[in-house]
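Hi everyone, thanks for coming.

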Amino acid sequence: MPYKDLAPPAGGKISIQSGKIHVPDNPVLPFIRGDGTGPDIWAASQRVFDAGIQKAYGGKRKVAWFEVYAGEAAKNKFDNWLPDDTVEAFRDFLVKASKDWKF
C-alpha cells in the first residue's frame, strides 16, 4: 500500500514461507524513536544494532531503518498521535509471531 506521508527506504521484506522465516540481506525495519529519552536511547541502540550486524555478517547484511511516528513527534509533525502510515508500516514490514513457525 502506498503511504500518505512516509516513504520506506529501499530494502526487502521479512517473510514466512512454508512455515520458515526468511530475512533478506537488507530487511526494512520500522522503528519509533519515542518521546522523552527515546531519541537518545534510539541513537545509541541503532549504533549498537548496526555494529552487531556488521560484525556478524561482515558487511553482507544491513538493516534499512524506516522511521515511523507515534506520540508527541507524530502529533507535532502530522497532528495525529498515531498516523495511519505508522500502523500500515508495521503491518507491511513487521513479522508477526506464529505458533506454526519452524526454525
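So, what percentage of the residues in the protein is buried? Buried residues make up 27% of the 103 residues. By buried I mean under 20% relative accessible area; exposed is over 50%, and partly exposed is in between, with a 1.4 Å probe and protein chains only.

Quick housekeeping. This is a predicted model, where local features need pLDDT of at least 70 and side-chain atom pairs count only at pLDDT 80 or more, while totals for chains, interfaces and linings use all residues. Residues are numbered from 1 along each chain as its sequence is written, and side-chain values use heavy atoms, with hydrogens and water left out.

Okay, the overall layout. The protein has three helices and four strands, and along the sequence they come in the pattern β-β-β-α-β-α-α. Those are DSSP runs, numbered from the N terminus: helices are H or I with at least four residues, strands are E with at least two. The C-alpha atoms fill a box of roughly 40 × 30 × 25 Å, taken along the principal axes. Now contacts, meaning heavy atoms within 4.5 Å. Take the contacts between residues at least 6 apart in sequence: 60% of them join residues at least 24 apart.

On to the inside. In soluble globular proteins, nonpolar side chains tend to be buried together. A nonpolar core, for us, is a set of buried Ala, Val, Leu, Ile, Met, Phe, Trp, Tyr and Cys residues joined through side-chain atoms within 4.5 Å. Here the largest one has ten residues, including Tyr-3, Leu-6, Val-28, Phe-66 and Phe-93. Strand 4 (64–67) and helix 3 (84–93) each supply at least two residues of this core. Apart from it lies another core, of five residues, among them Phe-31, Ile-53, Val-63 and Trp-65.

Val-68 belongs to the ten-residue core. What does Val-68 touch, leaving aside neighbours within four places in sequence? The list is Leu-6, Pro-30, Phe-31, Ile-32, Thr-86, Ala-89 and Phe-90.

Let's stay with helix 3. Its buried residues are Asp-85, Thr-86, Glu-88, Ala-89, Asp-92 and Phe-93. They sit on the same side of helix 3, because they cover an arc of only 165° around the axis, judged by the directions from the helix axis to the C-beta atoms. These buried residues pack against strand 3 (28–31) and strand 4. On the face turned away from the buried side you'll find the exposed residues Asp-84 and Arg-91.

Arg-91 also has a partner: its side chain meets that of Glu-88 in a salt bridge, at 3.8 Å from N to O. A salt bridge here is a side-chain nitrogen of Lys or Arg within 4 Å of a carboxyl oxygen of Asp or Glu. Arg-91 and Glu-88 are three residues apart in helix 3, so about one helical turn separates them. Arg-91 is exposed at 52% relative accessible area, whereas Glu-88 is buried at 14%.

How many salt bridges does a search of the whole structure find? Four. Another one pairs Glu-67 with Arg-33, at 2.9 Å from N to O. This pair links distant parts of the chain, 34 residues apart: Glu-67 is in strand 4, and Arg-33 is in the loop between strand 3 and helix 1 (38–57). Both ends are partly exposed, Glu-67 at 22% and Arg-33 at 32%.

Then there's Lys-75 with Asp-79, whose closest N and O atoms are 2.8 Å apart. Asp-79 lies in the loop between helix 2 (72–78) and helix 3, and has a positive phi of about 55° although it is not a glycine. Most residues other than glycine have a negative phi. Ser-18 also has a positive phi, near 55°, and is found in the loop between strand 1 and strand 2.

Last stop: Pro-27, in the loop between strand 2 (20–22) and strand 3. Is Pro-27 buried or exposed? Buried, with a relative accessible area of 9%. Leaving aside neighbours within four places, Pro-27 is in contact with Gly-12, Ile-14, Lys-62, Val-63 and Ala-64. And the C-alpha atoms of Pro-27 and Trp-65 are separated by 8.3 Å, though the two residues are 38 apart along the chain.
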